[in-house]
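Me: Could you take a close look at the pockets in this one for me? I'd like the cut-offs spelled out as you go.

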Amino acid sequence: MNTIALRLLKIVVLLLAGLFGLFVFAGNLMDYNSNYEFVHHVLSMDTTFEGNALMWRAIESSTLYTIAYWGLIIAEGTFSLLAFIGVYHMLKNIRATGSQFNRAKSFGFYAFMLGFAIWYLGFIVIGSEWFAMWQSQIWNGKETAMDITIVWIGFAILLALKDEDLT
């Protein structure tokens with residue numbers, strides 16, 4: 001097996017994850033109002049099924065919408081930053097021993113942990129299930145969040161493969 005090629009692949013997938021996070025982060029800042037509306041409609045549950053018995057969960061506070069949205073933006077930016085720091089450490093250690101390269105992957109693991117928190121916990125567990133986002137025909141990000149989560153699982157598994165010493 002070509003150890004350098006596998007290490008490069010791990011670096012590339014972490015770089016791609018970081019770029020994705022950067023583009024999401026930047027998009028939320030550059031198109032603030034559109035994405036704020038997404039958060040507003042999900043938290044207010046105003047596009048869920050009529051007569052929904054879960055409406056007691058709805059939030060009707062623009063202050064809380066703003067706090068939730070800024071929390072999401074900060075988390076996405078942090079996700080991207082952790083991924084890029086991981087890429088840097090992995091590149092710096094690409095020719096190091098297996099144990100050194102394995103240690104260099106820690107920021108990548110932190111990035112994916114945060115990614116799972118954002119897209120699985122935030123969008124699927126809280127958004128889709130707690131705020132019944134799945135009921136909305138307009139403001140439903142469940143499928144996209146699940147797709148992202150599945151990619152992060154694959155990337156995290158690849159990253160977790162133990163690296164051996166170079167031969």
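Reply: The largest pocket has about 340 Å³ of volume; a pocket here is an open set of points on a 1 Å grid over the protein atoms alone, where a 1.4 Å probe fits, with protein on both sides within 12 Å along at least five of seven lines, and lining residues have an atom within 4 Å of a point. Volume is the space filled by probe spheres set on the points, which are joined across faces, edges and corners. Bear in mind that this is a predicted model, where local features need pLDDT of at least 70, side-chain atom pairs count only at pLDDT 80 or more, and totals for chains, interfaces and linings use all residues. Numbering runs from 1 along each chain as its sequence is written, and side-chain values use heavy atoms, with hydrogens and water left out.

Of the 18 residues lining the largest pocket, Leu-43, Ala-68, Leu-72, Gly-122 and Ile-126 lie nearest its centre. Helices H2 (32–44), H3 (62–92) and H5 each supply at least two lining residues, and H3 gives the most, with six. Helices are DSSP runs of H or I, at least four residues, numbered from the N terminus. The lining splits into 15 nonpolar, three polar and no charged residues (Ala, Val, Leu, Ile, Met, Phe, Trp, Tyr, Cys and Pro are nonpolar; Asp, Glu, Lys and Arg charged; the others, Gly among them, polar).

The second largest pocket holds about 260 Å³. Among its 15 lining residues, Val-24, Asn-28, Glu-76, Trp-119 and Phe-123 lie nearest the centre. By class, that lining has 10 nonpolar, four polar and one charged.
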